[in-house]
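Please consult the structure shown here alongside the text.

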Amino acid sequence: MSRTVSIDPILLSKVSKPARYVGGEWNSVVKSHDDVKLTVAYCFPDVYEVAMSHLGLRILYALLNERDDVAAERVYAPWPDMEEVMRQKGYPLFSLETKTPVADFDMVGFTLQYEMSFTNILNMLDLAGIPLFSKDRGEDMPLVAAGGPCAYNAEPLADYVDVFFLGESEESTQLTADTIIAWKEQGKPGGKKGLLKQLAQQQGNYVPAFYDAQYDEQGNFLGLVPTEAEAKEHIEKCVVADMEHAFFPTKPLVPNIDIVHNRAVLELFRGCSRGCRFCQAGMLYRPVREKSPQRLVQLAKEIVANSGYDEISLMSLSSADYSCLPELVDMLLDEFKDQKVSVSLPSLRVDSFSVDIAKKVQQVRKSGLTFAPEAGTQRLRDVINKGVTEENLLKACENAFQNGWSTVKLYFMMGLPTETDEDLAGIADLAYKVLNLYRTVTKKNNGRVTVSVSSFVPKSHTAFQWFGQLPVEEIQRKQAYLKSLIRDKHISYHYHDAKTGYLEATFARGDRRMGQVLYEAWKLGCKFDGWTELFDYDKWMEAFAKAGVDPDYFAARQRDVNEPLPWDHLSNGASKAFLQREWQKAVGGELTHDCRHLSCTGCGVCPNLGVEIIDRKEGAGRGKTAFSC
Ligand code: SF4
């Protein structure tokens with residue numbers, strides 16, 4: 001008989017947003033643990049409103065719950081007020097569906113979306129009563145797993161996680177569930193280590209305890225050495241070759257309170273082949289694989305019928321790149337014209353085509369248009385391989401202003417490789433050009449331009465993985481310089497905290513030694529580090545000092561292209577030689593074309609993983625699979 005946690009409603013009424021902790025959402029799945037062979041707690045290390053908006057977790061939750069022999073439940077990070085209540089009263093972390101203590105599940109899986117949520121993972125394990133370090137966890141404790149983009153540099157979490165899953169898990173999750181169920185039914189041969197040995201042999205699985213990290217006398221990372229026969233030298237990601245028939249949940253969870261993205265979601269395709277050199281997602285999710293518009297409309301009909309949502313968001317890394325977008329939008333608008341269901345596009349390309357689509361769906365107009373030129377000058381846009389020109393941007397804005405938009409948001413990055421103050425001045429110039437264009441086109445003075453600038457963070461598996469993060473003081477100087485150039489009250493300027501970006505870089509390029517820093521920071525009370533109001537940089541610096549780790553070594557150091565990297569054994573299919581070529585081309589300001597529309601640019605993902613680009617519109621050729629809408 002499984003245990004459950006019963007929280008006193010009076011106590012719950014004293015915390016902010018109690019609905020975060022009660023479950024019972026429409027389409028949530030409640031199963032008795034006594035009726036299944038495997039129980040999985042999917043944990044998202046952030047607050048309910050962020051966690052509920054995440055598509056990946058929703059897919060895996062629904063996928064496993066389709067099976068009669070598995071119960072998958074959700075666990076989100078309690079906000080500090082709820083944590084305080086739980087610690088005071090001795091409530092362990094529990095699942096939303098059956099209020100089962102997390103420690104009672106067979107497997108506890110974390111999704112790793114953002115380095116700044118790592119302390120929440122430790123905090124959630126602790127609240128669950130699960131020993132933080134995998135070496136301290138007994139046979140009675142759940143298997144602790146993790147996946148998601150940050151798993152591609154798993155080393156900072158290597159001491160805490162039993163097994164990492166690399167890549168897209170729709171197919172491998174089923175295999176993992178089968179393996180665990182069979183292991184249980186056979187009487188758990190070899191104990192947890194026996195299970196990990198089996199899992200380590202499956203594609204995409206990385207068991208960090210099966211490797212020793214080696215360093216030279218100066219403390220430089222030399223590489224990982226497998227210590228078990230089952231541990232592979234290189235772990236390749238899992239990839240779903242056929243997105244058309246891949247599982248997609250048509251009974252989405254509908255929250256009881258408002259969440260970050262509270263609408264139905266249609267995933268148009270996976271991957272992005274534009275090749276922006278800073279973008280980790282662009283590299284990790286290659287190649288582009290589209291769904292057909294017919295399949296998408298079918299999914300949309302089922303989702304709307306099962307959820308009651310009146311808005312469908314067309315989601316992907318760059319939704320405006322979907323090759324059949326105009327046809328799809330027409331089909332959706334036609335399908336739902338009597339039901340008042342709207343269609344929204346969260347990301348737009350910097351071109352007039354995007355504005356035409358936005359005009360069609362109209363809803364975007366309410367919130368203004370967003371474009372991401374990323375850099376202020378053509379020189380720097382070429383370095384990052386952004387592939388858009390000032391002319392593209394101004395044409396798109398002109399089109400938008402002629403069609404009634406008066407608000408444009410422009411996204412940029414600061415601290416990119418080779419950036420100078422001239423490039424920053426280019427950001428201000430661009431903002432003024434857009435504003436003046438509005439005044440010229442509309443003869444009005446009520447236009448608004450928002451300039452939003454984040455700090456560039458070098459990420460693993462990108463062409464910029466060798467580049468050092470700029471010091472916090474230098475980013476702050478650049479932020480102040482750009483601020484001094486923006487003096488029109490119709491232009492607003494927002495920038496991200498330089499200290500958060502710096503810390504993110506220490507983890508993004510960290511090795512196993514970052515694990516101790518993480519532990520010290522958590523002991524000092526760090527959590528929800530992605531939340532400005534809770535982020536405490538000084539505590540983090542104290543944690544680095546206590547762990548005896550120099551943050552600059554990981555974040556700021558320019559790395560040699562030939563030095564061993566802590567994530568060399570974790571592969572998304574792309575070759576290091578390709579990234580090195582891209583790094584050289586970046587420094588020379590040389591562009592690399594989009595492999596989806598022209599020839600293959602040789603990243604290696606397709607041949608290495610046996611997959612192909614699937615484009616629903618382009619003509620056949622170049623070895624890619626193409627369909628006509
Ligand atoms: S292997 Fe070639 S076609 Fe495939 S994603 Fe890489 S560059 Fe594009």
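## Domain contact

Between the two domains, 28 residues of domain 1 are in contact with 26 residues of domain 2, contact meaning heavy atoms within 4.5 Å. Domain 1 covers 9–236, and domain 2 covers 241–347 + 593–628; these bounds come from an automatic or database domain assignment.

The model is predicted: local features need pLDDT of at least 70 and side-chain atom pairs count only at pLDDT 80 or more, whereas totals for chains, interfaces and linings use all residues. Residues are numbered from 1 along each chain as its sequence is written, and side-chain values use heavy atoms, with hydrogens and water left out.

## Buried area and salt bridges

About 2400 Å² is buried between domain 1 and domain 2, with 63% of this area given by carbon and sulfur atoms. Buried area is the accessible area (1.4 Å probe) that two parts lose on being put together, summed over both. Leu-55, Arg-58 and Glu-168 supply 24% of the area that domain 1 buries against domain 2, more than any other three residues.

Three salt bridges are counted between the domains, each defined as a side-chain nitrogen of Lys or Arg within 4 Å of a carboxyl oxygen of Asp or Glu. The side chains of Glu-168 and Arg-270 form a salt bridge with an N to O distance of 3.8 Å.

## Backbone features

Most residues other than glycine have a negative phi, and most peptide bonds are trans. Arg-286 and Pro-287, however, are joined by a cis peptide bond with omega about -10 degrees. Lys-99, which is not a glycine, has a positive phi of about 60 degrees.
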